[in-house]
Amino acid sequence: MSRKPRNFQIGETYHITTRCNNREFKLQRWECREVFLYAIKQALDKFKFKLYAVCIMSNHIHYLIEPTQPNDLPKIMHFLNWYTAMCFNRMQKRTGHFWEKRYFCDGFPVSDKERALNTLRYIHGNPKAAKMRSGFFYEFSNYGSYDQLTHDGLTQWHPAFLTLGNNLEDCAGKYRGFCKRYNPKSKPARKCNWGTKLLSGLDLKGTISSRDERRSERNRTNKSANSTQPSSSPASSSPPARCQVTETPVVRAKASQFIRANQALRGESRQK
């Protein structure tokens with residue numbers, strides 16, 4: 001079944017969400033998030049779009065993007081997902097799909113002030129909703145650039161933010177208060193209804209236990225067979241392969257600029 005084509009419009013901003021395959025927490029490593037910031041910079045240089053918000057979580061990413069041309073958005077997302085998947089698979093010694101199904105995309109006019117502010121707050125409030133932070137400051141979200149009026153080298157302020165006050169300080173103060181009133185809703189546990197009737201009545205626990213017992217027995221047999229083999233070899237002593245992107249100074253420089261601009265103020269309580 002073919003996928004329904006998306007209707008991209010001129011003058012619209014798009015809230016994008018991309019998740020790791022199987023919702024696994026593959027972005028927990030600090031260096032993975034640094035590489036992601038570098039990939040965003042590469043995409044910005046290539047496609048010249050406007051990035052109003054970004055938040056890199058442990059298993060998904062949020063963006064608020066305004067492309068120069070509507071049809072540029074699929075190209076932007078293809079580049080970001082391809083580049084990061086290539087790097088992360090090598091860094092984590094894995095193969096196959098890194099990202100889940102088709103990315104979520106929700107567009108609305110740039111002039112829709114209320115929708116824009118609510119979307120910004122939702123993106124910036126993700127670390128708080130996930131209980132990663134007690135406040136809104138987070139090293140890999142650009143909330144700090146709105147609150148402290150800093151420049152992180154990647155994002156810019158949304159036009160709706162600039163209409164909140166008569167000057168930038170007033171805009172920042174009102175957005176700060178707007179975010180403090182945010183009460184994120186707890187997300188219910190996902191339920192999979194497909195296959196419920198099909199699997200009803202099956203003793204899945206017993207099946208899994210038997211399978212685990214057979215696997216443990218095979219492992220014990222293999223260990224006994226390999227006990228006479230030497231414990232080390234020239235191949236095992238070689239260092240693990242690393243992604244060269246993480247060792248590039250420009251990656252660290254770009255990530256450091258973003259992190260410094262968005263890190264919490266002194267005294268800002270944080271919860272990891």
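**Ground rules.** I'm working with a predicted model, where local features need pLDDT of at least 70, side-chain atom pairs count only at pLDDT 80 or more, and totals for chains, interfaces and linings use all residues. Residues are numbered from 1 along each chain as its sequence is written, and side-chain values use heavy atoms, with hydrogens and water left out.

**Strand 3.** I looked up residues 60-66, and seven of the seven are buried (under 20% relative accessible area, 1.4 Å probe, protein chains only). Strands here are DSSP E runs of at least two residues, helices H or I runs of at least four, both numbered from the N terminus. H60, H62, L64 and E66 point one way, while I61, Y63 and I65 point the other.

Strands pair if DSSP finds at least two bridges between them. I found strand 1 (residues 12-19) antiparallel to strand 3 over six bridges, with Y14 opposite I65. Strand 2 (residues 50-56) also runs antiparallel to strand 3, again with six bridges, and V54 partners Y63. Three residues sit between strands 2 and 3 in their hairpin.

**Helix 3.** Next I checked how helix 3 meets helix 6 (residues 168-180): they pack at about 65°. They are therefore roughly perpendicular (65 to 115 degrees).

Notes
Buried means under 20% relative accessible area, exposed over 50%, partly exposed in between (1.4 Å probe, protein chains only). Axes are lines fitted to C-alpha atoms, for helices over the stretch in contact, and angles run from 0 to 180 degrees between N-to-C directions. Angles under 35 degrees count as roughly parallel, over 145 as roughly antiparallel, 65 to 115 as roughly perpendicular and the rest as oblique.
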